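Hello,

I am handing over a structure for you to look at. Please open it first, then read my notes below.

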Amino acid sequence: MNTCLSIYKTRMKNILTLCLTYCLFICTINAQGPTLAPSIGLFSQPVTTDSICPIQTYLDPNGTYLLPGLSNAQLIPDFTLYDRAGNAMNMQTKLATLKPVLIVSGSYTCPVFRNKINLINNLKTNYGSSLDIFIVYTVEAHPTDISPYFGTVNIGSANTNAGILFAQPKTYGQRVAMVDTLISRMNITVPVYIDGPCNSWWNTYGPAPNNAYLITTQGKVFTKNGWFNKGPLHNIQYEIDSLLNLGGGGGNPVTGTFGFQMLGDSTVTGAAGTTLFTYSKLFNNSTNPVTLDVIRLENNVPLDWSTSMCTDVCLPPYIDTTQLYLAPGDTQSFTMYFYTGVNPNSGNTKMLFKNVNDSTNVHVQKYYANSVLNTGIQSELESAIKIFPNPASGNTEILLDQKYLTEKSKIHIFDSSGKLVNTVIPRETSSILSLKNSGIYFIQVSVNDKIVYTEKLINTAN
């Protein structure tokens, strides 16, 4: 009897030991997170004097940035990055918390990324308890030297108008300083980690100016955004809701509403062979975020004309649809460009602005353009209008012949995206315009409700 009892106790002890060993093994695995693909570095914190390695040029012919980087369902490579204070973040360790992860890439000189910061902050508010969100800061998209996405200098009108004029960092310390500038000027509520001197993260997960990855707790790509939350391909709220099993629209529906306003006449007239534009704005008039479909329904222009839409990013003429996200209080300009032929003609486009989640919240707008020859009274008017100096440095003077001053004479100032900056009613032959921000502007003079003169003005003031 004692022998049997002794054997029983020994077996139970062995079973308990095996159970404990198994539990410790499982806990260790969970603590380490999933096994990811081999790490792409870093293995130690870079020093500020480390040189930035040569940056490859990536020209995406479709502008979608879907091909480079990782693919859906792919196991991600592990990586370690540091924030500006030197705190390390390891991806495998982060996934050990059993929360999925949203990674958004960007740089301060990428205006599309800057326009998505409100969205990122809102996602943190709505999903932060069940989803880790962070930014990876990569190479500058539109520096004052060569852009990696164009192969040439391409600063962009949004950066020029905002005075965001920075060269590509040459050292890791300069890249950290760019992150300091970003955080000091923008309200960012999620962590920002910095790609290493040799751009290992960008080369592996990109190259792209503002892509994003939604990562499962198993370390696989759930969805990849070539452009973060850029419709009609991607709606990040629905993708997150799908990953978290919240259903279509999820627990955080986008229920806001938007409004529309013309910022000038819907008809623009100008010289044949030039670029004409009409300008308007979209704004969130509710306390909830709103997502909009922007669709070109009609494009009734001559064969030697083309048109393009400019929202948070200016699109090539062949793209007819895009999508916008507006946080509460956000305003977004919308410009329709008409690229006219050398002969006088006319054309129009028809646009649909539609709330993705509210079929009653829509706006349809037609934009018209007329191109004319510079003859007769128009030529006479143009010869009597002068802008000096151009380029300007803060102030410029517009001279208008006295006989063309009427109660309906107006001087309109637009930035390079077509947004109306100011309107001046000239009361004397000389009007002084003060421009605070450096950039490219367009000066339009109208007499008796007819645009008679347009000139590009470069302002170099800081």
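Here is what was found.

This is a predicted model, where local features need pLDDT of at least 70, side-chain atom pairs count only at pLDDT 80 or more, and totals for chains, interfaces and linings use all residues. Residues are numbered from 1 along each chain as its sequence is written, and side-chain values use heavy atoms, leaving out hydrogens and water.

Aromatic rings come first. Rings of Phe, Tyr and Trp (its six-membered ring) pair if their centres lie within 6.5 Å; planes under 30 degrees apart count as stacked, over 60 as edge-to-face and the rest as tilted. The count comes to 16 aromatic pairs. Y58 and Y65 have ring centres 6.1 Å apart and planes at 45 degrees, so this pair is tilted. Y65 is buried, at 7% relative accessible area (buried means under 20%, exposed over 50%, partly exposed in between, with a 1.4 Å probe and protein chains only). Y58 and Y65 also belong to one aromatic cluster with Y149, W202 and W227.

Next, look at F79 and Y205. Their ring centres are 5.4 Å apart and their planes at 80 degrees, so the pair is edge-to-face. F79 lies in the loop between α1 (2-32) and β1 (80-82), and Y205 in helix α7 (residues 200-205), so the pair ties together parts 126 residues apart in sequence. Helices (H or I, at least four residues) and strands (E, at least two) are DSSP runs, numbered from the N terminus. F79 is buried, with a relative accessible area of 0%. Y205 also counts as buried, at 0%.

Best wishes
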